[in-house]
Amino acid sequence: MSTALPAVPHLVVTQGDPEGIGPELLLRLGDAGALRTGDRVVADRERLVGLARALATPWATRGLEAIAPLVDDVRGGQVAALVRGVDLVLEHPGAALVTAPIDKAACKAEGFVFPGHTEYLAHRAGVDDFAMLMIGPRLRVVPVTIHVPLRAVPELLTPAAIVRCGKLLARTLVHHLGLPGPRIGVLGLNPHAGERGMLGDEEFRIVAPAIAELTAWAAAEALPCSFVGPLAADTAFVTHLDGGLDGLLAMYHDQGLGPFKLLHMRDGVNMTLGLPFTRTSPDHGTARDIAGRGVADPSSMLAAVALARGHVP
């Protein structure tokens, strides 16, 4: 069963890391008929042509033929393509952005000063309240802290940060995904959610006050949702899978994305919340080790395009 988001007239799709599987995923989108007239594919045209010829498969040939009229030719690598893609989305209100994976180390070498896509997009959009939602057919997870070293998490984890992400997730579940009365689980930072203070006090000092504030906010906004926790991370995902929760707030990146990718590596989508435009991306990396071989699984990229179009699993 699917739910419709507000209609998106056009998509802008960026190539991601040209040394990874991004160009191959673009050909796969073309072959699958996932792109439409009016969409834009921001990529190195010469590289796409060369890849299609090198693969010499019917699907690569069909894919190139399908996307060739849509290509906005950009040279200079993944950062140049991303910058151009964001320019196009900001110039065309109502358009949505789908980004193929980038290689963060290579981006830094190209002068990119942001930890990842999410932070750059928030900067370009001029927003401070943003979050990364990992969404699949069975799990929905928002990490409160994102691309930071693990040692920095306790310093960055504040009630305000949890509240900000909780509000974004609640609004998305209710208004965009159409869930009636969603229950949002808020994970603890420490093992066993601190074991009543034996393994840390962040649950008392930081997480519990944020849950209380979110509960009061939802009541004041008359938003039909609830927040529960602090929950032990090693069991909360099972509760979510069993239908006892409709979404989770994780305290740090791998706490949320590890379990998510275990289940949704092939059909999960990364969706940025808080932007003035829809942005989605596959939930995997650049896979440079298999680039150019024609073996990349396009399922997550296809799911990202479908979600950007407004189709929710």
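These legends describe close-up views of a predicted model.

**View 1. Packing of helix 2 against helix 3.**
Helix 2 covers residues 45–55 and helix 3 covers residues 58–67; their axes lie 8 Å apart and meet at an angle of about 160°. Helix 2 is therefore roughly antiparallel to helix 3, since an angle over 145 degrees counts as such. The two helices cross in a left-handed sense. On the helix 2 side the contact uses Leu48, Val49, Ala52 and Leu55, and on the helix 3 side Trp59, Ala60, Leu64 and Ile67. Of the residues in this contact, 8 are nonpolar, with no polar and no charged ones.

**View 2. Packing of helix 1 against helix 12.**
Helix 1 (residues 22–32) packs on helix 12 at an angle of about 65°, and the axes are 10 Å apart. This crossing is right-handed. Helix 1 contributes Leu25, Leu26, Leu29 and Ala32 to the contact, while helix 12 contributes Met301, Leu302 and Val305. The contact has 7 nonpolar residues, no polar and no charged.

**View 3. Helix 12 and the residue just after it.**
Helix 12 runs over residues 299–309. Its buried residues are Ser300, Met301, Ala304, Val305, Leu307, Ala308 and Arg309. Just after the helix, Gly310 has a positive phi of about 110°.

**View 4. The largest nonpolar core.**
In soluble globular proteins, nonpolar side chains tend to be buried together. The largest nonpolar core in this model holds 66 residues. Those with the most contacts inside this core are Leu26, Leu27, Ile162, Phe227, Leu249 and Met251. Helix 8 (residues 159–176) supplies the largest share of the core, 9 residues. Leaving aside residues up to four places away in sequence, Phe227 touches Gly166, Ala170, Ile184, Val186, Ile211, Leu214, Thr215, Trp217 and Ala218.

Beyond residues up to four places away in sequence, Thr118 touches Phe130, Met132, Ile146, Thr272 and Arg279.

**View 5. The cis peptide bond from Gly229 to Pro230.**
The peptide bond that joins Gly229 to Pro230 is cis, with omega near 0°. Pro230 belongs to strand 9, which covers residues 226–231.

**View 6. His192, a residue other than glycine with positive phi.**
The phi of His192 is near 60°. His192 sits in the loop between strand 8 (183–187) and helix 9 (202–221). With 44% relative accessibility, His192 counts as partly exposed.

**View 7. Ala287, with a positive phi although not a glycine.**
Ala287 has a phi of about 50°. The loop that holds Ala287 lies between strand 12 (279–282) and helix 12. Ala287 has a relative accessible area of 25%, so this residue is partly exposed.

Conventions. Residues are numbered from 1 along each chain as its sequence is written. This is a predicted model: local features need pLDDT of at least 70, side-chain atom pairs count only at pLDDT 80 or more; totals for chains, interfaces and linings use all residues. Side-chain values use heavy atoms; hydrogens and water are left out. Axes are lines fitted to C-alpha atoms, for helices over the stretch in contact, and angles run from 0 to 180 degrees between N-to-C directions. Helices (H or I, at least four residues) and strands (E, at least two) are DSSP runs, numbered from the N terminus. Angles under 35 degrees count as roughly parallel, over 145 as roughly antiparallel, 65 to 115 as roughly perpendicular and the rest as oblique. A crossing is left-handed if the near helix is turned anticlockwise from the far one by less than a right angle, and right-handed if clockwise. Contact means heavy atoms within 4.5 Å. Ala, Val, Leu, Ile, Met, Phe, Trp, Tyr, Cys and Pro count as nonpolar, Asp, Glu, Lys and Arg as charged, and the others, Gly among them, as polar. A nonpolar core is a set of buried Ala, Val, Leu, Ile, Met, Phe, Trp, Tyr and Cys residues joined through side-chain atoms within 4.5 Å. Buried means under 20% relative accessible area, exposed over 50%, partly exposed in between (1.4 Å probe, protein chains only).
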